[in-house]
Every structure is written in C-alpha cells, then in structure tokens.
Amino acid sequence: MAAHGGKFVLRGNPVEALEGEWKHDRLVMLEFPDKKSARDWYYSKEYQTAKEIRSKGSTAKFLLIEQ
C-alpha cells in the first residue's frame, strides 16, 4: 500500500452505528493521493496475493470515494 502512496486513516472495531444500519464489525479507511494510485494498489499483484488470503477469513466492501 505504501508503495502506491496509501496510508491507513483509521482501523477500528467494534463499530457502533448511532444512526442507520451497519452490519459490519470492523471499519478500515485508506487514503491515497488520487484514484489512479488507489486502483493501482487494488489491482496490484501484491494486493491480489493479500486479497486471496483475506478473502478466506472475511468479506469486504471496497468503495472509492473522491474528495
């Protein structure tokens, strides 16, 4: 992630929804300099290896949000 300019903004659990519905135990937010960097990281060979391992023990939703 760092090789693509990414960094953790937050990692937390448990997550408590004060309003609305949140059906997940954990929230992780990453920040990248731009969309291209985020996509390059997500589709990188290195992350695909980690994703395969992660997918065996969890489910995830990834959103790309532009400021």
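Me: Which residue forms a salt bridge with E21, and are the two partners buried or exposed?
Reply: This is a predicted model, in which local features need pLDDT of at least 70 and side-chain atom pairs count only at pLDDT 80 or more, while totals for chains, interfaces and linings use all residues. Residues are numbered from 1 along each chain as its sequence is written, and side-chain values use heavy atoms, with hydrogens and water left out. A salt bridge is a side-chain nitrogen of Lys or Arg within 4 Å of a carboxyl oxygen of Asp or Glu, and buried means under 20% relative accessible area, exposed over 50% and partly exposed in between, with a 1.4 Å probe and protein chains only. Both E21 and K23 are exposed, and the closest N and O atoms of the pair are 2.9 Å apart, the partner of E21 being K23.

Me: How many helices and strands does the chain have, and what pattern do they follow along the sequence?
Reply: Helices (H or I, at least four residues) and strands (E, at least two) are DSSP runs, numbered from the N terminus. By that count the chain has 2 helices and 2 strands. Read along the sequence, they follow the pattern β-β-α-α.

Me: How many salt bridges does the structure hold, and which parts of the chain does the pair of E31 and K7 tie together?
Reply: The structure holds 4 salt bridges, and in one of them the side chains of E31 and K7 meet at 3.4 Å, N to O. E31 is partly exposed, with a relative accessible area of 34%, and K7 is also partly exposed, with 49%. Because E31 lies in strand 2 (residues 27-31) and K7 in strand 1, the pair ties together parts that are 24 residues apart in sequence, namely strand 2 and strand 1.

Me: Which residue meets K35 in a salt bridge, and where in the chain are the two found?
Reply: The side chains of K35 and E66 meet in a salt bridge of 3.3 Å, N to O. This pair links distant parts of the chain, 31 residues apart, with K35 in helix 1 (residues 35-42) and E66 in the segment after helix 2.

Me: Why is the pair of Y47 and F62 called edge-to-face?
Reply: Rings of Phe, Tyr and Trp (its six-membered ring) pair if their centres lie within 6.5 Å, and planes under 30 degrees apart count as stacked, over 60 as edge-to-face and the rest as tilted. The structure holds 8 aromatic pairs, and in the pair of Y47 and F62 the centres are 6.2 Å apart. Y47 lies in helix 2 (residues 45-57) and F62 in the segment after helix 2, so the pair ties together parts that are 15 residues apart in sequence. The pair counts as edge-to-face because the planes of its rings stand at 65°.

Me: Is Y47 buried or exposed, and which residues form one aromatic cluster with Y47 and F62?
Reply: Y47 is buried, with a relative accessible area of 9%, whereas F62 is partly exposed, with a relative accessible area of 40%. The residues that form one aromatic cluster with Y47 and F62 are F32, W41, Y42 and Y43.

Me: Which residue has its charged end over the ring of F8?
Reply: A charge sits over a ring if NZ of Lys or CZ of Arg is within 6 Å of the ring centre and within 35 degrees of the ring normal. Here the charged end lies 3.8 Å from the centre of the ring of F8, and the residue that supplies it is R11.

Me: Which residue does a cis peptide bond join to N13?
Reply: Most peptide bonds are trans. In this chain, however, a cis peptide bond with omega of about -5° joins N13 to its partner P14.

Me: What percentage of the residues of the chain count as buried?
Reply: The C-alpha atoms of the chain fill a box of roughly 35 × 30 × 15 Å, taken along the principal axes. The chain has 67 residues, and the share of them that count as buried is 12%.
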